[in-house]
Amino acid sequence: MKTYLGMPTAPAGVGALRGSLSFPDAAKPALANAQLRRNLGHATRTIRAKRAAVVGEVPDWEELRLAGQAIKKATMARLDEHLERLEREVTARGGQVHWALDANAANRIVTEIVLASGATEVVKVKSMATQEIGLNEALESAGVTAVETDLAELIVQLGHDRPSHILVPAIHRNRSEIKEIFQREMHDAPADLTDDPRRLAMAARAHLRRRFLAARVAVSGANFAVAETGTLVVLESEGNGRMCLTLPETLITVMGIEKIVPTWDDLGVFMQLLPRSSTGERMNPYTSMWTGVTPGDGPREFHLVLLDNGRTAALADEVGREALHCIRCSACLNVCPVYERTGGHAYGSVYPGPIGAVLSPQLTGVAANASLPYASSLCGACFDACPVRIDIPSLLVHLRSRVVEERRLPSPESIAMAAASWLMASPRRFAGASRAARVGRLLSRRGRISTLPPPLSAWTATRDAPVPPPETFREWWRRTDGGRDGS
Amino acid sequence: MVLDVRVALFVTCLVDALFPDVGKATTKLLRRLGHEVVFPANQTCCGQMHINTGYQADALPLIRHHSRVFDPYDAIVAPSGSCAGSVRHQHAAVATRAGRPGLASRAESIASRTYELSEFLVDVLGVDDVGAHYPHRVTYHPTCHSLRLLRVGDKPLRLLRNVRGIDLVELPDADQCCGFGGTFAVKNADTSTAMLADKMRNVLSTRAEAVCAGDSSCLMHIGGGLSRLRTGTRTVHLAEILASVE
């Protein structure tokens with residue numbers, strides 16, 4: 001089966017692209033949680049500083065960003081050809097390629113491969129694509145246990161929690177919380193465990209080592225796939241990924257179709273952009289690359305699942321498709337003032353932060369995530385941080401238009417906006433409205449307005465409103481001839 | 001230094017209706033520097049609120065109107081990074097998306113002639129000392145759109161550093177958004193307020209009498225919070241400081 005432009009969006013009822021609450025409602029618990037605000041503020045500030053330092057030492061950083069942007073744009077324009085090339089190369093080197101229309105198809109493909117192998121447990125490399133499709137839950141319902149082996153994903157899994165960051169899924173937890181989770185949920189945790197980061201890491205290491213040695217099947221995602229040789233690439237910090245990719249007999253990689261790069265030269269650009277943007281390191285500790293299967297070395301079976309799940313639907317939007325350029329570095333999360341206050345759970349999707357606000361609504365269809373494009377003050381920090389120059393603020397504005405245009409029925413807001421447009425399209429009506437606003441002076445108490453009716457009550461709940469002046473600027477200009485009469 | 005420019009003041013709807021002193025200060029400043037200031041009286045609003053809330057169809061008549069009103073002028077100056085940013089970065093794109101190439105090309109032409117105040121002073125007029133006097137302790141908040149949409153860089157600070165008598169103190173985490181974001185402040189009021197709380201904490205840590213910025217909208221937000229908490233710290237627009245003399 002092949003993908004084509006404008007395939008259906010990601011189905012509801014499976015995976016983790018939709019929250020049950022709108023962003024403003026989902027953000028409330030996080031905003032009221034002082035511990036969480038401190039954890040997030042500290043963590044994002046630390047990563048921001050690390051990133052700024054290592055980006056600052058690259059003299060051609062802006063040229064690299066431009067190159068990354070250009071490669072992504074060119075690749076998306078011929079995505080179908082690159083994917084078919086990838087399929088041919090992977091197959092020629094002993095791998096098997098599966099095309100998954102959506103989350104349900106991908107989960108079914110992976111589950112069938114695991115069941116056919118006879119394994120009841122799989123080890124997992126940290127992967128956004130498998131989080132997106134809810135693979136762990138699908139495997140569980142087929143009687144297969146999925147073990148997350150990335151330290152932070154393990155913390156999330158043991159805590160019966162959801163990831164709140166693309167790169168640092170447990171960013172919302174501090175070390176004393178992690179110690180409690182390990183003591184409660186990790187049956188082989190040492191009795192004298194403390195919240196010392198080294199002790200915590202060693203406990204997880206011992207716990208995971210047993211799983212690696214027993215595992216017969218591993219599931220991974222991919223950071224990149226090089227079409228010209230059919231090579232898959234995973235970048236990581238801990239080495240757990242390397243264990244998963246080399247020890248088991250069967251390796252299954254689930255990859256969003258947009259992760260493809262045509263050539264090794266193209267990959268070189270992203271290998272420079274990703275670690276500095278992501279962990280704030282010059283180079284990540286472990287980069288694993290594999291091409292098909294190699295007799296006597298590593299997995300004997302390799303399956304590549306190419307996932308659409310709304311991606312070609314996004315590709316059909318000439319403006320919005322830029323979101324598919326994302327390399328999941330999460331630099332935009334770390335610089336986002338909204339993300340820093342609310343954390344990732346408020347976005348209701350595995351893709352939080354600014355990129356999530358433009359990616360999730362396109363994967364699901366904007367109606368299913370209509371509040372996300374509004375979860376931004378359009379401050380623009382995300383664009384400056386993005387290693388492939390995705391113009392996230394412009395994409396947010398574009399998606400807001402799609403939300404409004406796809407809404408059929410008029411709302412109080414749409415009526416107010418139409419009225420404001422009518423008023424402001426005419427200088428006479430606008431001047432009249434400004435004069436009428438002067439009745440607002442009656443609401444003033446000691447030079448400030450502290451209560452306004454809805455929807456402006458949302459403003460005055462925490463902020464005073466300005467008192468309309470006795471004379472507007474245009475009235476002053478007319479009365480004084482622009483101040484030339486000396487007044 | 002460039003002399004005798006005829007400047008069309010794009011005062012912005014917010015300044016016109018709520019903060020007329022900012023428009024008066026801009027007029028006074030440009031005139032003091034030897035330039036003719038005209039106020040195209042038919043101007044209304046650039047439509048940024050509509051565009052950024054998703055109502056591009058409702059923004060279109062405003063863009064058309066703005067383009068008609070300002071087309072005759074060579075230099076269009078706004079005391080706002082945000083409104084100048086909308087004209088420069090959004091108008092043509094909205095017109096194009098609506099299938100209006102004629103309007104898009106006129107909007108592009110107007111965009112090339114539209115400046116935020118500090119850009120106009122430093123880049124076009126070649127002035128970074130406007131001869132102002134302002135004997136107060138002030139901290140400066142660079143607004144997001146002036147910083148990251150227009151890239152005004154340190155131009156406002158260069159102008160402020162040359163003001164006589166000013167005690168200019170650095171604002172910690174200055175480049176962080178204050179949380180205004182137009183309708184964001186109402187639609188996501190809790191998040192907006194959380195951002196504002198941190199901005200106010202930084203402003204108050206400077207012990208400044210006033211926080212200065214180049215956008216009345218952001219100042220309305222920061223000022224609304226400072227006033228609600230009875231901090232005594234005022235807001236002042238960049239134009240008002242630059243227009244002050246001894």
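In this predicted model, the loop between helix 13 and strand 8 (234–237) of chain B holds B:Arg230, where helices (H or I, at least four residues) and strands (E, at least two) are DSSP runs numbered from the N terminus. B:Arg230 has a positive phi of about 55° although it is not a glycine, and B:Arg230 is exposed, with 9 other C-beta atoms within 10 Å. A residue counts as buried if 20 or more other C-beta atoms lie within 10 Å of its own, as exposed if 12 or fewer do, and as partly exposed in between, the C-beta atoms being placed from the backbone. The model is a prediction in which local features need pLDDT of at least 70 and side-chain atom pairs count only at pLDDT 80 or more, while totals for chains, interfaces and linings use all residues. Residues are numbered from 1 along each chain as its sequence is written, and chains are lettered from A and ligands numbered from 1 in the order in which they are written.

Most residues other than glycine have a negative phi, and most peptide bonds are trans. A positive phi, near 80°, is also found at B:Thr12, which lies in the loop between strand 1 (6–9) and helix 1 of chain B; B:Thr12 is buried, with 28 other C-beta atoms within 10 Å. In chain A, a cis peptide bond with omega of about 0° joins A:Pro454 and A:Pro455, and A:Pro455 is found in the loop between helix 20 (427–436) and helix 21 (457–460).

The contact between the chains takes 53 residues from chain B and 53 residues from chain A, two residues being in contact if their C-beta atoms, placed from the backbone, lie within 7 Å. By class, the side of chain B that touches chain A has 25 nonpolar, 20 polar and eight charged residues; here Ala, Val, Leu, Ile, Met, Phe, Trp, Tyr, Cys and Pro count as nonpolar, Asp, Glu, Lys and Arg as charged, and the others, Gly among them, as polar.

Two helix pairs illustrate this contact. The axes of helix 19 (residues 412–424) of chain A and helix 4 of chain B come within 9 Å and cross at roughly 10°, where axes are lines fitted to C-alpha atoms, for helices over the stretch in contact, and angles run from 0 to 180 degrees between N-to-C directions. These two helices are therefore roughly parallel to each other, since angles under 35 degrees count as roughly parallel, over 145 as roughly antiparallel, 65 to 115 as roughly perpendicular and the rest as oblique.
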